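User: I would like to go through the strands of this structure. Could you take my questions one by one?

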Amino acid sequence: MRRTEEEIPRNNVGGGVNQMAVVKGYEIPEGLYYTKDHAWLKVEGGNKVRVGLNDFAQKLAGKISYVKVPRVGKEVTHGKVLFSLQAKKWTGKIMVPLAGMIVEANRDLLRRPGLLNQDCYGKGWVAVIKAANLAQDLARHLTGEAAHRWIRKEVARVEAERGKK
């Protein structure tokens, strides 16, 4: 089912969250879209989408010491790295969740990467993408109860991996 921009749910993370679900100890704000590599997407209008790292990923990573943010004006496509981050001896990456152009990048993260840990759904946002095909790209991502089920599975997966060590 294709949705017009007017039918795509909006939220106000960063300006105050309307509702916050807590799933297995991880915050999952309602009204956001989630990717399976742990990014969140906030639709802001005008085909602009704010992107950040979800609570599960930032807690799993631990204290984040470095974030490589994308360059404003860069065209981004699926399958490419949107941003990378580092915490202690771990390095991770978040892939481009929707095709388009970077119109804003949170350069504060270069000086203060810990914002991803302190306020991952607010001041810790990473980039804003002007989407080329917003409705089609958002349909690939999780919302609501589907996102909650997925986080529960991710928690179980990580707990199982830790139990094997």
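This is a predicted model: local features need pLDDT of at least 70, side-chain atom pairs count only at pLDDT 80 or more; totals for chains, interfaces and linings use all residues.

Analyst: Residues are numbered from 1 along each chain as its sequence is written, and side-chain values use heavy atoms, with hydrogens and water left out.

User: Why is strand β11 largely enclosed by the rest of the structure?

Analyst: Strands are DSSP runs (E, at least two residues; helices are H or I, at least four), numbered from the N terminus. Buried means under 20% relative accessible area, with exposed over 50% and partly exposed in between (1.4 Å probe, protein chains only). Strand β11 covers residues 127–131, and it is largely enclosed because the buried ones number four of the five.

User: Which residue of β11 is the bridge partner of Val51?

Analyst: Two strands pair if DSSP finds at least two bridges between them. Strand β5 (residues 48–53) runs antiparallel to β11, with four bridges. For Val51, the partner in β11 is Ala127.

User: Which residue of β11 is the bridge partner of Gly100?

Analyst: Strand β10 (residues 100–105) also joins β11. The two run antiparallel, with five bridges. Gly100 has as its partner in β11 Ala131.

User: Which residue in β9 stands opposite Gln86?

Analyst: An open sheet has three strands in the order β6-β8-β9, paired antiparallel. Its edge strands, pairing on one side only, are β6 (66–68) and β9 (90–95). Strand β8 (residues 81–87) is joined to β9 by six bridges. Opposite Gln86 stands Thr91.
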